[in-house]
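Work through the exercises below with the model open. Each task is followed by a solution in steps.

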Amino acid sequence: LRTAVAIANDHADAALVAGDLTRDGHPAEFDAVDDALDGLAVPWRALPGNHDVPKAFDDHASPSVERFADRYGPLPFAWPVGDVTLLGVDTATSGDDSRETDTVSTAGPADLRETWGGRVGPAQRAWLAERLAACDRPVVALHHPAAGLPDCPDGPRWRNFRLYDDEAVAALLGEHDAPLVLSAHQHVPALVDH
């Protein structure tokens with residue numbers, strides 16, 4: 001992370017940390033992340049990843065997504081960066097209580113604390129639709145990929161822990177012709193062209 005901070009300081013106008021700031025959301029890990037990010041001289045924003053939010057199987061108390069937002073900025077966010085507007089959406093916790101009312105997608109568990117998967121959810125999809133309609137040059141950022149990654153030579157392992165409402169999100173992005181969507185989660189470099 002310190003190397004990434006140094007590179008961003010030397011070569012970037014802004015930085016996005018697209019989630020998984022920590023290994024498993026332990027409070028001491030957030031302190032270490034904060035120490036490294038203190039050296040970031042360019043403006044930056046962060047999204048929570050599945051490793052940064054409370055999980056039912058953790059043996060420690062991870063900060064809530066509200067505490068994450070207090071620490072690293074509002075969620076979701078529309079952030080002007082040069083000629084583009086970065087639209088950041090929380091997929092690590094969104095939809096935990098909205099699956100019952102989400103008629104578009106009911107795939108996946110009702111509570112994201114039980115899985116590494118994610119969901120944008122109906123409220124953030126509505127927020128994203130409004131922002132995409134209003135932005136000339138949007139860049140969408142989310143932790144979980146909005147599209148499936150290409151299969152690996154040894155099988156389709158990147159389909160694990162997916163974005164449960166990926167079809168609804170992909171349709172929304174296509175409807176608004178979103179030119180670029182950034183994600184993290186799978187920890188591998190990949191490009192999907194739609």
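Both Phe30 and Phe68 are buried, where buried means under 20% relative accessible area, exposed over 50% and partly exposed in between, with a 1.4 Å probe and protein chains only. This is a predicted model: local features need pLDDT of at least 70, side-chain atom pairs count only at pLDDT 80 or more, and totals for chains, interfaces and linings use all residues. Residues are numbered from 1 along each chain as its sequence is written, and side-chain values use heavy atoms, with hydrogens and water left out.

**Exercise 1. Classify the ring pair Phe30 and Phe68, then the pair Trp44 and Tyr72.**

Step 1. A pair of aromatic rings is described by the distance of the centres and the angle of the planes.

Step 2. Set the cut-offs. Rings of Phe, Tyr and Trp (its six-membered ring) pair if their centres lie within 6.5 Å; planes under 30 degrees apart count as stacked, over 60 as edge-to-face and the rest as tilted.

Step 3. Take Phe30 and Phe68. Their ring centres are 6.4 Å apart and their planes stand at 75 degrees, so this pair is edge-to-face. Phe30 belongs to helix α2 (residues 27-37) and Phe68 to helix α3 (residues 65-72), so the pair ties together parts that are 38 residues apart in sequence. Helices (H or I, at least four residues) and strands (E, at least two) are DSSP runs, numbered from the N terminus.

Step 4. Take Trp44 and Tyr72. Here the ring centres are 6.1 Å apart and the planes make 55 degrees, so the pair is tilted. It links distant parts of the chain: Trp44 sits in strand β2 (residues 44-46) and Tyr72 in helix α3, 28 residues apart.

Step 5. Trp44 is partly exposed at 22% relative accessible area, and Tyr72 is buried at 6%.

Step 6. Assemble. Phe30, Trp44, Phe68 and Tyr72 form one aromatic cluster.

**Exercise 2. Which residues of the largest nonpolar core touch the most other members?**

Step 1. Define the set. A nonpolar core is a set of buried Ala, Val, Leu, Ile, Met, Phe, Trp, Tyr and Cys residues joined through side-chain atoms within 4.5 Å.

Step 2. Of the 15 residues in the largest core, Leu87, Leu128, Leu132, Val140, Val169 and Leu173 touch the most other members.

Step 3. Zoom in on Leu128. Not counting residues up to four places away in sequence, Leu128 touches Leu87, Val89, Val140, Leu172 and Leu173; contact means heavy atoms within 4.5 Å.

**Exercise 3. Work out the strand order of the four-stranded sheet.**

Step 1. Apply the pairing rule. Two strands pair if DSSP finds at least two bridges between them.

Step 2. Read the order. The four strands form an open sheet, β3-β4-β5-β6, with mixed pairing.

Step 3. Find the edges. β3 and β6 (181-182) each have a single partner strand, so one side of each is left without a neighbour in the sheet.

Step 4. Inspect one pair. β5 and β6 run in the parallel sense over two bridges. Val140 stands opposite Val181 in β6.

**Exercise 4. Describe the surroundings of Ser62.**

Step 1. List the polar partners. The Ser62 side chain reaches the backbone oxygen of Gly25 at 3.1 Å. A polar contact of 3.3 Å joins the side chains of Ser62 and His60. Such a contact is a pair of N or O atoms within 3.5 Å; within protein, one must be able to donate a hydrogen and the other to accept it, and residues adjacent in sequence count only if both atoms are side-chain atoms.

Step 2. Complete the list. Leaving aside neighbours within four places in sequence, Ser62 is in contact with Asp24, Gly25, His26, Val53 and Pro54.
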